[in-house]
Amino acid sequence: MQTDDHAVEEILAEGRRFMVPLYQRKYQWHDTQLIPFWEDVEAKAIEVLEGESRFQHYLGALILSPIGEAAQIGVTPRVQVVDGQQRLTTFQLFLAALREVAHKHKCNDVAEHVSDYLFNKLKSKDADKLTRFKLTPTPSDQEIFHDVVEQSYSKIRSRYGKHYWGGRVPKNTQFRVLRAYEEFYRLINHFAEFGSAELSKDDEVDGETPTIGDETDTSEAIQARLEAILTALLNRMKLVVITLGEDDDAQVIFETLNSKGEPLLAMDLVRNNIFYRAEKEEAEVEDLYHDLWDPFDHSWWKEAAPFARPTRPRIDHFLTHVLAAETGQKISMRELYAEYRAFAVPKGRPRFERVEDELDLLSSYSPIYETLEGRLDDDKDLHWLGRKLAAWQVTTAYPVAMQVNVANIEPEEKRKLYRLIYSYIVRRALSGLTAKNLNRVFQSLSQVFRENGPSVEAFEGYFAQRIGDSTRFPGDQEFRQGILLKPAYTLAPQTRIKDVLWELEEASRTKFYEQTAMPNGLWTEHVLPVSWTSDWPFEDGEFVERWTNDPKAENRNRVLHSLGNLTLLTGGLNISSGNKRFLEKREKLEEHTGLFLNKWFLKRDSWDETDIRERGEAFADMAVSIWPSSTVPEIERGKWDQPLDYDFPPLAAGGDTDLLRFPDQTPLNSAHWHIRLENQNISASTGADALEETLRRMTTGSPDRLNAVSGVKGRVRPLIARTAEELYPGRPDLVVFSREFLPGWFVGTNYSRRDVMRLIRVAAEACELTWGVDIHVEV
């Protein structure tokens, strides 16, 4: 038996066939394994991009048993995969998805490089046609696996379209190979286009993930991100490779390695290392353990941190934040044990004179972390910040908060710094600026605090040098414009918009009103409903349907999701008020709510765009005080006055002006839908027209694209079909909604605006078009 560790590249680069035995399970990885694997690769890719990759990450063991003809000249060697076939298959599926994303973005050199790790170069005596594949899985997986490895993404979507549901492969599918491939394609493509957004589950609104592009999302950046992902997998991931000899019993070794034991946490390894060194010091180990370590053995520390990514026990996040606060460096949680050893004994020389001092340091940070997490509330200011960071799902600010808390500065300055941290997060969100770089911002700010000490002066000096879209601290003018014009309901979803509205509620109260915590069960309500009816006329008394090209409807749509039209209600009141006309809704508000936010409506007889803007102005006046600004010079208006297209990347500079909006957000023409498809301009007044014309132009003259789109299927019907009846199986009454967009091809049109947008995007992706580059849609 030979045992050694190897990077993934070393394992896959060698010309040999990995044969999965018949008795092995078919591929079984579910999302519970796929997502942590992706997070590991993504984390390493970010380190590669930032030049901070210090440790390799171990992914487990691979047990190989050479097959007889391994030494024959002119024959590609074969090895049997005794254990580790699930990981090996995952690597291949990941590389296949990466290759296709590279093709999509025209990064052909990346795609060609990937192929070297998927295919063998045939030797003179190779007779088996499957020898060209690095991996030969079990027979039940072979056909779909080899198709995925060999075929293009569009052909896979077309051939296996019946296994898709709503454009995605369901989580519970029996075709795990296809699910893994699709998920990797989606995740890699998102990372390539936008970098690491570090989105939490709470970021998903109505089934969509809002992503805001910034100035770093260029074709060069996409190439660099794809190269970083490839480097992360091939060079930063390692396996322990065990190669068996002739006399080794493969089955015994397999059973031994797969016996069910309780896995060690990173903190278990840290603890063992600490007390091993304490014993060498001849310290009173039992006393140290009882006094300084025993509290960390409480079950609370082993629970997953609820507001942090990746999903890890609190103790792991705690130690990561402590190391970041103490060093000002970026700490990799996935190599936490290695990070801690490098901290405690840098270059072989102990940082602390005694292990007891080391434990004292960890113990001193414990109540700070517990306060941020809401377990303790003795420090009211820090507890307040912790609750705000929880609402906004931004635990990457913890190291900075820890540095401020332990600093030898006045309590008032600590309060100012806590407020500025919170203000920075809120101002960026409501100004429509990306949140994807918050981790980098707070890490580099912690480095500044580490070098110069925490202070308001250091904080403001740091942001005075950062004026780009991805990092700047929005000034008052930009913040006010964001509140008045940006769709706050979407930019700050769920707990975040409720936090904003509650802060405005408290600021609206008189000084004699008792301050209370935000009650549970509050809902965010649009005062003027999203789906308005004739009960909500315009200022001139007329009524216009929402999805028309009437300027009044356009004007209303622009302010519908803005802060001035939002309020808080109890769940029951939210449901009962619904889309009722304003006077009925006002009666409900007057009867059931005592919130100052809602007193605004009690003396009004109507509610329209003018009222929304007036309330928005009042909120903006309060907001600049609630969320104070840093003393950073205001950015010129032209730098940040962007279109209200917050779901998708804006057109590249130099794009056709027919598809843009003026800074005052007025459309350049009256058409409601503006689509740019590969240098073609499409204007349509309805979603049905937009869908029909886009599909026509997308597929005309391209049988491959038409075939790809024909594989797109929803839960009950396909996107396009050969007959109108096939579009609506079992529903002949709906056939009237079909349209023939090409001779012999039909598309349905009874979709909502949101559905039309999604269907255009799914069709574009099936045709391997890059959203925001090859196609752009503005509504």
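**Figure 1. Contact between helices H2 and H8 in the predicted model****.** Phe-37, Trp-38, Val-41, Lys-44, Ala-45, Val-48 and Leu-49 of H2 meet Ala-224, Arg-225, Ala-228, Ile-229, Thr-231, Ala-232 and Leu-233 of H8. Of the residues in this contact, eleven are nonpolar, one is polar and two are charged. Helix H2 spans residues 31–50 and helix H8 spans residues 219–235. The two helices pack at an angle of about 115°, and their axes lie 8 Å apart. The crossing of H2 and H8 is right-handed.

Figure 2. Phe-18 counts as buried because its relative accessibility is 1%, whereas the cut-off for buried is under 20%. Leaving aside residues up to four places away in sequence, Phe-18 touches Ile-11, Leu-12, Leu-64, Val-79, Val-81, Leu-88, Lys-134, Leu-135 and Thr-136. One of these contacts, Val-81, is 63 residues from Phe-18 in sequence, yet the C-alpha atoms of Phe-18 and Val-81 are 6.2 Å apart in space.

**Figure 3. An open sheet of three strands****.** The strands follow the order E10-E9-E14, with antiparallel pairing. Strand E10 (680–684) and strand E14 (775–778) are the edge strands, each pairing on one side only. On average, neighbouring strands of this sheet are turned by 10° against each other, direction ignored.

**Figure 4. Pairing of E9 with E14, and helix H33****.** Strand E9 (residues 673–677) pairs with E14 in the antiparallel sense over four bridges. Ile-675 stands opposite Val-777 in E14. Helix H33 (residues 753–766) lies across E9 and E14 and runs at about 0° to E9.

How values were computed: Residues are numbered from 1 along each chain as its sequence is written. This is a predicted model: local features need pLDDT of at least 70, side-chain atom pairs count only at pLDDT 80 or more; totals for chains, interfaces and linings use all residues. Side-chain values use heavy atoms; hydrogens and water are left out. Buried means under 20% relative accessible area, exposed over 50%, partly exposed in between (1.4 Å probe, protein chains only). Contact means heavy atoms within 4.5 Å. Axes are lines fitted to C-alpha atoms, for helices over the stretch in contact, and angles run from 0 to 180 degrees between N-to-C directions. A crossing is left-handed if the near helix is turned anticlockwise from the far one by less than a right angle, and right-handed if clockwise. Ala, Val, Leu, Ile, Met, Phe, Trp, Tyr, Cys and Pro count as nonpolar, Asp, Glu, Lys and Arg as charged, and the others, Gly among them, as polar. Two strands pair if DSSP finds at least two bridges between them.
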